[in-house]
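The following exercises concern one protein chain and its ligand. Please work through each task before reading its solution.

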Amino acid sequence: MPTAVRPEEAEDLALAHGKREAVERLDGFVAFVQVLRDDRVHGAHSRHVLRPGRYSHPPVDLYEYQGKELFKRVGIPVSDGRRADTPQEARAAAQELGGAVVVKAQVLTGGRGKAGGVKLAEGVDDVEQKAKDILGLDINGHIVRRLWIERASDIAKEYYLSITFDRGAKKPLFMFTTQGGVEIEQVAEENPDALIRLHVDPLEGYQPWVARRLVYGARVEDPSEQKQIAAIVERLYRAFVEFDAMLCEINPLIVTPEGEVKALDSKFTVDDSALFRHPDIAEWRDTTAADPIEAFAREKGVTYVKLDGDVGICGNGAGLAMSTVDVVAHVGGKPANFCDLGGGGSAEGVVDALEVITRDPQVKSIFFNIFGGITRCDEVARGILEALERLDMSKYPIVVRLDGTNAEDGRKILADAGKPNIHPEATMLDGAKKAVELAR
Ligand code: GDP
Ligand code: MN
């Protein structure tokens with residue numbers, strides 16, 4: 001199937017999606033699509049693999065306490081803690097741990113501290129009360145149902161350390177800065193020199209100079225800190241490889257007043273396609289924690305990733321849908337989602353996709369970007385019209401760009417229908433501009 005992006009349109013498209021989490025999920029998705037493409041090339045083409053929905057396995061995000069368990073296995077220092085799902089369990093955990101503890105919401109999203117999901121507590125009554133306060137909180141749409149009660153740490157300094165994939169360089173990338181504790185995007189923007197980035201050649205593997213470069217580059221001067229951080233860098237690389245991670249992030253990596261370095265937080269993402277090698281991690285997976293709209297999409301068999309904007313997007317083929325996300329961002333808009341209509345473009349598929357996309361209350365306009373190959377544009381046009389019969393879409397302007405197989409027919413069908421909220425456009429760029437304009 002052609003990727004169906006015209007060179008002039010695809011050129012120079014900045015990755016401007018904004019929200020990192022969504023981009024990471026998209027990245028994970030693209031990795032899978034790439035795998036899928038390779039499979040097609042090599043002829044591993046069972047039909048069900050090509051059905052939309054079947055190949056939308058997102059990477060596995062682990063809870064903080066699970067990530068910390070993996071840190072512990074490779075020898076990265078973490079604080080002692082206990083799981084708790086009720087205020088009573090939190091009380092019992094605090095009793096066991098003794099002394100001051102921190103009560104931490106376990107949700108698969110960042111910024112818990114700011115949202116009131118991380119609270120210091122002293123004494124069992126206080127812990128129980130803080131647990132009550134935090135359980136049920138809504139943090140970025142994630143309801144808190146689990147807690148992690150951890151022995152409280154005194155903090156002298158907050159650093160940041162992560163390793164992830166740099167797809168451009170095709171190598172793992174370490175990032176380290178002494179300006180931790182805050183969102184790393186903020187450091188990258190305001191103080192880029194403080195953020196040390198270093199690739200590791202996967203064939204060469206980890207070498208001691210990697211840690212030295214990070215530590216000296218970020219001007220960590222204390223020899224004991226240097227030594228401890230170097231050990232953590234090496235172990236984090238081991239965790240990254242051993243557990244088939246896509247991201248391991250420690251923010252903050254703290255230094256205590258006594259000079260002890262340890263991981264106070266963990267963000268750990270495991271490659272879904274490697275889960276068969278890690279049955280224990282596979283068991284940790286919490287399918288109930290998915291974004292509710294994404295869960296609905298999975299039920300419907302729609303390939304969908306929620307983003308944070310207001311322009312709903314629907315393309316046929318993951319590559320085209322991905323490019324559409326980029327183009328909408330490129331012309332100054334905010335994509336609300338990624339959605340791949342797949343090969344068919346039948347009315348059924350269009351209805352399902354629209355149902356999913358419009359569940360998101362932020363969506364203000366919808367952009368169909370269709371390049372007909374196997375998919376026939378006339379069929380998609382009929383699908384859109386039929387969807388409009390079956391769903392009340394009157395409050396959404398719908399921009400439709402049809403190109404490729406039977407595009408003329410498709411456009412005629414839409415024009416003849418005379419629907420006031422359908423706006424045909426000839427190119428992907430014009431379509432994106434129109435959809436962004438209509439979302440304002
Ligand atoms: P996030 O907001 O989701 O990234 O959650 P973190 O686990 O990073 O916690 C947020 C912030 O809470 C940290 O940056 C610390 O400043 C603070 N915090 C977390 N645990 C402790 C602790 O044990 N002691 C102290 N003093 N502060 C903590
Ligand atoms: Mn954090």
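**Exercise 1: A covered helix**

Task: State which residues of helix α4 are buried.

Solution. Step 1: the buried residues of α4 are Glu64, Tyr65, Gln66, Gly67, Lys68, Leu70, Phe71 and Val74, where buried means under 20% relative accessible area (1.4 Å probe, protein chains only), exposed over 50%, and partly exposed in between. Helices (H or I, at least four residues) and strands (E, at least two) are DSSP runs, numbered from the N terminus.

Step 1: glycine 75 follows α4 and has a positive phi, near 95 degrees.

This is a predicted model, in which local features need pLDDT of at least 70 and side-chain atom pairs count only at pLDDT 80 or more, whereas totals for chains, interfaces and linings use all residues. Residues are numbered from 1 along each chain as its sequence is written, chains are lettered from A and ligands numbered from 1 in the order in which they are written, and side-chain values use heavy atoms, with hydrogens and water left out.

**Exercise 2: The nonpolar cores**

Task: Identify the residues with the most contacts inside the largest nonpolar core.

Solution. Step 1: a nonpolar core is a set of buried Ala, Val, Leu, Ile, Met, Phe, Trp, Tyr and Cys residues joined through side-chain atoms within 4.5 Å. The largest one has 41 residues, and Phe174 and Phe268 have the most contacts inside it.

Step 1: helix α9 (residues 223–242) gives this core its largest share, 7 residues.

Step 2: leaving aside neighbours within four places in sequence, phenylalanine 268 is in contact (heavy atoms within 4.5 Å) with several residues, including Gly67, Leu70 and Phe71.

Step 3: a second, separate core has 36 residues, among them Cys339, Ile370, Ala381 and Val400.

**Exercise 3: The ligand shell**

Task: Determine which residues come nearest to ligand 1.

Solution. Step 1: of the 15 residues around ligand 1 (a heavy atom within 4 Å), the nearest are Lys104, Arg112, Gly113, Ser153 and Glu158.

Step 1: an N or O atom in the side chain of lysine 104 is 2.6 Å from a ligand oxygen atom. For arginine 112, a polar side-chain atom lies 2.8 Å from an oxygen atom of ligand 1, and for glycine 113 a backbone N or O atom lies 2.8 Å from one.

Step 2: β3 (101–105), β4 (118–121) and β11 (245–255) each give two or more residues to the shell.

Methods
Polar contact = N/O pair within 3.5 Å; in protein donor to acceptor, adjacent residues only side chain to side chain.
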